[in-house]
Each structure stands twice: as structure tokens, then as C-alpha cells.
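Trainee: I have a model open and want to work through it residue by residue. Can we go through it together?

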Amino acid sequence: MERKDIEEIYKWNEKDIYDSSESFKADYDRANLMLRKLVNFKGKLDSEKELEKFLKLNSDLDKKLEKIIVYAQLKKSVENNVPENAEMFSLASDILIKASEALSFSSSEISQIDDARLIKLASMPEFKGNERFFKFIIKNRAHVLPEELEKIVSGAGAFANFEDTFNVLSNAEMPIEPIKTSSGKKIRLTNSNYSKFVESPNREIRQIAYNNYNDAYKKFNMTYASNYISSLQYENFLVKCYKFKSNFERISFYDEVPDALLDVMISSVHKNLNLFTKLENIKKKALKIDRMKIYDIFAQMRSDRFSKYPYKVGEEIIVNSLSVLGKDYTNIIKKAIGERWIDLYPSKNKESLCYCTSCYDVHPFVLTNYNNTLDAVSTLSHELGHAVQAYLSSKAQPYNYADTPSLTGEIASTVNEILTKKYVIDNAKTKEEKINAIDSLLIDFYAAIFKQSLYTEFELFASGEIEKGEMLTFEKLNKKYKELLKMYFGDIAGGTHGSEYEWSRLPHLYSPFYVYTYVVGFVSACFICSRLLSGDKAYTNKYIEFLKAGSSLSPTELLKIVEIDICDEKVYNMAFKLFDLFIDELKELLEED
């Protein structure tokens, strides 16, 4: 579909940020002027008055840069073939690097202020919104670089475009063989429609789609490996510069992640791998196949869950399913829909992924590729979870505290997703619809908990090899990934052609140690949903308080608001208990046939 053929109501309104590219460029020029003014504070940050002015102007610049990068991202995401959009995105990316480089002096200057004085500054009303920043400076002293070295390290980010390389290769240059059916029909296979084909009730279609997709990545296996290994070497460069022992230690330090989290998470998942085997046996019987393969996991279990949920139906499901969160919450959902925060439908030259991005001074924006499936409804609900959280936190918090910490970043979205699918299960009009909705939720468990835990172990291995000074190659990466697949999923992985190349398809590998937050998000969301659906109004208020809190507290303190200790196995066990209950419900429904 051409973008011009889509009704305006279904396109996001980027003019809420800038009414034209000329306005974008004018603000870009203003940002450069602000940056020059900020550089003039160099050598003056020991003065409280100068520090106050610097932090205020720096916050204003950050808000302006946010608008610049988000606007450029919105334009490029929906029309990535337009040269002007690519130029704007390049300008926005360049000024972010330029600002980081030019203001690198501030970290070293502020870190020269002694602890007692920083604690005093944190208590002063004129520095409101910077309390956690000052406390972080104290904590971060061992990892602050001299000014000149900080400038060099910041500038090195200009050479770290590994994710861009991945995206260009995957989305533009890599050919994927079409699906050729036994009848001789050829069907185009792309990144955006791949998931549709591996959900097909036709096993031949699933197998060919999976094989062709992975074979495309196999042909470029060495290129993807080279790009990924280069990204790991860059990350290891940062580890050494900032005096950490490992990349996970570096990232968890800045993200305030408890040391024990990964051990507890991976251990809990390993202890419950038998539940996947239980689900596999049920699906194998339902699909009437002797041996499951990876491409069978996503197969629909009852005919036609496609084209069941046209957008207006999906919209109604989302609003109704989230009513448990209160009218204020669903009114924000309606606002997002009515005021064009959402770019809904797929179109030519539009990115195939889905995301939510936000401007503090404007509102969030949501990109989806809605295709009338239950997954499309669920994905939209997921991204609106991000949007509502961003909207609430921006209204409740100063700019510096409006963002959501990485560790808790996937909770609100996953709560929405679970509530929406639970609503579909409870209100299914037919047994087939109910079976498919339960199956879809169980696949979410598989993808968010089992698969993301596997990816985390893969990252730990790959980063560890680089950090130990070992030679990392495409063969080692393929071998390790295959070993993890076998450990997690047994024969289903070992007997699937091309499964060792799956890792090279993962864009999140270029956001180091982010995937485990999906596990944390899903496990936490299971806990939260069980409390919300119990009708506990006081707990609902706690959850809204959690959404409004942004990053005003550490991630562990934020989770305490909703009564979660993410390093307690009990939280994980509750999620796996829920998983097991849905498996049993699915089994019962299938046995009624």
C-alpha cells in the first residue's frame, strides 16, 4: 500500500513537533547556538550559580535535541526512501554526537566537587530534579575519565554505527528467496511478513519460510558475525576505558541493576524448561505431527486467526481490556487514538518494526504495522502501554526523571499485552478463538521468557569471549547458539535446519544486555496482572503511581511500589505457575474435540 492511500486519521501527526522541515532546521540551528553557550561554562562549574544555569540550559538543550531526533525518526520510519528524511536523520544523529563530545568537560568538572558539597546541592530547591544525578556522581567517581580522554571516547561513538549496518543489510540489501509452494506458486518473503508465514496452518509454508529466511542470513553469516563482533569490541573498549570488569557490569552499574538478578533469572528459567516440553507435546498432538521443529512453535492451532480483528474491533478490545486500570487510563488511550499519536498501517518504504517514542514537551508516538490479527491488536496494546507510561511520567516528573529505567521499561507494555489477551480469552465467541488466544499468550511466554533468557546467555558468552581476549568467530557464535537451543528446547532445535543462524537476525544484540529486561518485564507483568484482576483497587492505585514515577527512584525502589522483589524466585515461580495453568486450560479445550 502506498502511504498516500492511507487515511490521515491512521497516520501519526509529526506536525505536533514541527510543522515543516524548515521548522526542524530552525530548531536545529537554535540547538547549535545553545550548545555553544553551554561550552562557555567550561571551567566555571565549581560555582553554584554557574552550575545551576548550566544544568538548566543543558536540560533545555536535551529537550530540544529530543524533539529533533524524534521528528527525524518519525519521518524516516514511514518514508525511508525520501532523501530529505535521511538527511534530517543524519543531522539529528550528528548533533547528538557533537553535543556529547562538546559537553564531555561537565562530567569531570562536576566530579571535582566533593561528596559533602554534592549532598548539600542535592537538598537545595534550585537543583530540584538533579538529586539523583548528584548522588550518581558520587557513586561514579571511579569511572570518570579525564576531560580530554572523555572527549575522545565520546567522539568514538561516531564510528559505532553497527545497528545501522545491520538494518541496511537486513532490510534493504539482503535478498530473501520467495516461498515456492508445491503448486508452483511464488510468494514474496520479507522481514515484515515472515511472522505471518511461520504462523501458517500449512506446515510446508512454515518450513519453506523458516528455511528461506535463515538461508538468507546464512549467506551473510560472516558479514553479520563481523559486524556483531566489531560491536562487541567497541563495547569492550568502553569497558576498559571506564574501568569495569565486563560489559554487563558496566551496563548494570549505570542501569542500577542488582548484581544477583541474572543468576536468579537464568536459574529460574532453567528450573522450568520442562514446561516448554509440556507445551511442545500438546502442540505436537494438536498439529498432528510426529516431531516438532522450531517453525512449528508459532503455528496456529485452529483455523483462521488472521483477518479476525479489523482495527475498530481491535481498538474496542484494547479499551475494554484496559478498563481494569480505570477511566483516566483508558481516556489517555482514546486521546492517543483520536489525536493521531499512532501510525497504524503498513505501507511501502515504512519500517517493518513497531515501537513507541516520546517527546517530553509534546506526547508519545506509536509505530505499528496493523494487519487485522490478534497479534496486531496485542502489539498495539503493548506499544500503548509504553505511550501511557511516558505520558503519565512526563506530566508527573521533571524532565530529568521522566524516562523509564531500562530494567522496568517493558513492564507497562507487557501488562497491557497480557490484559488484552486475557480479555480476548474470556470473551471469545468460539472455542477456536479461545484456543488461538491462549496459544498466542503461551507463545508470548515462550518468546519473552524462554527465548530472551537464551539470548541473554548468548550475549554473556559472546561478550565474555571478547573480554577474555579470545578469538571470536562466526563458527563459535553459530556453535554456541545451537548448543543453547538444544539446552533450552531439546530435539526441536537440534533437528531444525539452519537454526544456528537465528542469532544473526536479532537487532537487539546491538543494544547490549537489553533483552533480559523482557524477561523481567514479563515476569513482573504476570505478578501485576494477577493483582489487578483480583479487583484490588488499592493495588491499581499503586500501579498507576509506579507508572507516574518515571526514573525518580532506582529500579528496585520502583518495583517495591508494586510489591515486587525481582531477585526473589517467588516472583518468577508465580509467572511459571500462570504459564502452567494456561497450558492446562489449552489441553482441556483440545481434549474436548
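Trainee: Is Asn349 buried, partly exposed or exposed?
Mentor: Remember that this is a predicted model. Asn349 sits in the loop between E3 and strand E4 (355–358). Its relative accessibility is 29%. Buried needs under 20% and exposed needs over 50%, so Asn349 counts as partly exposed.

Trainee: What is the phi of Asn349?
Mentor: Most residues other than glycine have a negative phi. Asn349 is not a glycine, yet its phi is positive, at about 70°.

Trainee: Which loop holds Arg340, another residue with a positive phi?
Mentor: Arg340 is not a glycine either, and its phi is about 60°. Look at the loop between helix H16 (327–338) and strand E3 (342–343). That H16–E3 loop is where Arg340 is found.

Trainee: Now the cysteines. How many disulfides are there?
Mentor: A disulfide is a covalent bond between the sulfur atoms of two cysteines. The rule asks for two cysteine sulfur atoms within 2.5 Å. For Cys567, the closest cysteine sulfur is in Cys526, 17 Å away, so that pair is too far for a bond. The count for the model comes to 0.

Trainee: Is Cys567 buried, partly exposed or exposed?
Mentor: The relative accessible area of Cys567 is 24%. Buried would need under 20%. Cys567 is therefore partly exposed.

Trainee: And Cys241, buried or exposed?
Mentor: Its relative accessibility is 15%. The cut-off for buried is under 20%. So Cys241 counts as buried.

Trainee: Which residues does Val264 touch, beyond four places in sequence?
Mentor: Val264 is in helix H13 (residues 261–271). At 15% relative accessibility it counts as buried. The C-alpha atoms of Val264 and Tyr572 are separated by 9.0 Å, though the two are 308 residues apart along the chain. The residues touched by Val264 are Cys567, Glu569 and Tyr572.

Trainee: How far is the C-alpha atom of Leu384 from that of Ser413?
Mentor: Leu384 lies in helix H17 (residues 374–396). Its relative accessible area is 1%, so it is buried. Ser413 is 29 residues away along the chain, and the C-alpha separation is 6.9 Å.

Trainee: What is the relative accessibility of Asn416?
Mentor: Beyond four places in sequence, Asn416 touches Leu322, Leu325, Tyr329, Ser381, His382, Leu384 and Gly385. Asn416 counts as buried, with a relative accessibility of 0%.

Trainee: How far apart are the C-alpha atoms of Lys293 and Gly326?
Mentor: Lys293 is in the loop between helix H14 (273–287) and helix H15 (311–321). Gly326 is 33 residues from Lys293 along the chain. Their C-alpha atoms are separated by 43 Å.

Trainee: Is Lys293 buried or exposed?
Mentor: Lys293 touches Arg203, Ile492, Gly495 and Thr496, with residues up to four places away not counted. Its relative accessibility is 18%. The buried class runs under 20%. So Lys293 counts as buried.

Trainee: How do the residues of the H5 and H6 contact divide?
Mentor: The axes of helix H5 (residues 115–122) and helix H6 (residues 131–139) come within 8 Å and cross at roughly 170°. These two helices are therefore roughly antiparallel. Asp115, Leu118, Ile119, Leu121 and Ala122 of H5 make the contact with Glu131, Phe134, Ile137 and Ile138 of H6. The division is 7 nonpolar, no polar and 2 charged.

Key
Residues numbered from 1 in each chain as written. Predicted model: local features only at pLDDT ≥ 70, side-chain atom pairs only at ≥ 80, totals over all residues. Heavy atoms only, no water. Buried < 20%, exposed > 50% of the residue type's maximum accessible area, 1.4 Å probe, protein only. Helix = DSSP H or I, 4+ residues; strand = E, 2+ residues; numbered from the N terminus. Contact = heavy atoms within 4.5 Å. Axes fitted to C-alpha atoms, helices over the stretch in contact; angles between N-to-C directions. Parallel < 35°, antiparallel > 145°, perpendicular 65-115°, else oblique. Nonpolar A, V, L, I, M, F, W, Y, C, P; charged D, E, K, R; others polar.
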